[in-house]
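Thanks for coming. Please have a look at the structure before I start.

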Amino acid sequence: MYKLNSDGVLTISGQGEMADWFTNTVPWKDYKNSGEITRVIIHEGVTSVSTKAFVSCESLEYAFIPSSMKDIDGFTACSSLKSINLPEGLETIGIQAFCDCDSLKTVIIPSSVTTVGRDAFEECENLKSIILPEKLTSIEESAFSSSGIKTIEMPAGVTTISRSAFNSSFIESIVLPNNIVKIDEMAFRNCKNLKKIFIQNPQCEIDDSFGTICSNLAFENAYRQFDGIIYGYENSTAHAYAQKYEYPFSAFIYGDANSDGKLTAGDAAFIAKNLAEQKGHTLPAYADFTGDGKVTAYDAAMIAKYLAEQSLKN
């Protein structure tokens, strides 16, 4: 059941999944095509947004999603959509859910979400950052391709950077923790702003192509197509990949807990903060400055001591 008021607010009510209409059979298609819909409010009881529900609803600026929602799709090419609330209880952000929503600037993904679907945020050019929940286990193909994402933190449950996941995005730096076991083809292809990629798993499987990690699409020369630096362990798969394609490589610096490629007081503070918040398990193995096989407050203290001594020498 739906109703559009004089202010352009479309309210939708009902129970269960939204019908999977074709584009030309969506009940409110005439309002959508005429640009009358500016806001959408979906009432409690509705559990999904179907794939064609709001496609190319170009006047839509805001959507309210109820806590009953489990699976969301259907907002592809909503060029005026600036914000959307995604409630706790949501489990899946579906295929092309927000693809080509080029006014979307911020998205808070609730802790209940386990899957970001194929092309979910593709071509969201103004989406600069996004926080992924710890329960997330799957980032599917091209999920952030051609998006404005600059930084992103990978949760512990994600094991694969899928095909074209960040292809042609604005990503500048990314840390791939030890749980990442595979970087699929074209995952970081044509990432012109990517300057640092940290690959913490020494056995991570990296698709054997220069285009898996590259800064441009100048295919006339298959080598030296990456302007950034690949960070990894000596003799790791990251090291071998960089050597094969003649990409700059830097071995991890022990104590560099915040993975910025250098040892500073910020690393000691980062270790202390994570330990205080009981997040020590998220620290990289190379944060172990003392080499005793674990990361503790002692590492933070020894980093501070070492830096103080170096300062006095200089």
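Thr 92 has Thr 115 in strand 10 as its bridge partner.

A word on terms and on where this comes from. This is a predicted model, where local features need pLDDT of at least 70 and side-chain atom pairs count only at pLDDT 80 or more, while totals for chains, interfaces and linings use all residues. Residues are numbered from 1 along each chain as its sequence is written, and side-chain values use heavy atoms, with hydrogens and water left out. Helices (H or I, at least four residues) and strands (E, at least two) are DSSP runs, numbered from the N terminus. Two strands pair if DSSP finds at least two bridges between them.

What is the order of its five strands? The order is 1-2-3-5-7, and here the pairing is mixed. The edge strands, strand 1 (2-4) and strand 7 (83-84), each pair on one side only.

Strand 1 and strand 2 (residues 9-12) run antiparallel, joined by three bridges. Tyr 2 has Ile 12 in strand 2 as its bridge partner. These two strands form a hairpin with four residues between them, and Gly 8 in the turn has a positive phi of about 85°.

From strand 2 the chain crosses through helix 1 (residues 29-34) to strand 3, and this β-α-β crossover is right-handed. Right-handed means that, with the strands pointing away from the viewer, the path from the first strand over the helix to the second runs clockwise. Strands 2 and 3 run parallel over four bridges, and Leu 10 has Val 40 as its bridge partner in strand 3. Next, strand 3 (residues 39-42) pairs with strand 5 (residues 62-64) in the parallel sense over three bridges. There, Ile 41 has Phe 64 in strand 5 as its bridge partner.

Strand 15 (residues 173-176) pairs with strand 17 over four bridges in the parallel sense, and Ser 173 stands opposite Lys 196 of strand 17. Strand 17 (residues 196-199) is also joined to strand 19 (residues 229-232) by three bridges, again running parallel. Here Lys 196 stands opposite Ile 229 of strand 19. Strand 19 in turn runs parallel to strand 20 (residues 249-251), with three bridges, and Gly 232 has Ala 251 in strand 20 as its bridge partner. Together, strand 19, helix 2 (residues 237-244) and strand 20 make a right-handed β-α-β unit.

Last, a helix pair. How do helix 3 and helix 4 cross? The axes of helix 3 (residues 265-276) and helix 4 (residues 297-313) come within 8 Å and cross at roughly 165°. Axes are lines fitted to C-alpha atoms, for helices over the stretch in contact, and angles run from 0 to 180 degrees between N-to-C directions. That angle makes helix 3 roughly antiparallel to helix 4; under 35 degrees counts as roughly parallel, over 145 as roughly antiparallel, 65 to 115 as roughly perpendicular and the rest as oblique.

The contact (heavy atoms within 4.5 Å) involves residues of both helices, including Ile 271 and Leu 275 of helix 3 and Ile 303 and Leu 307 of helix 4.
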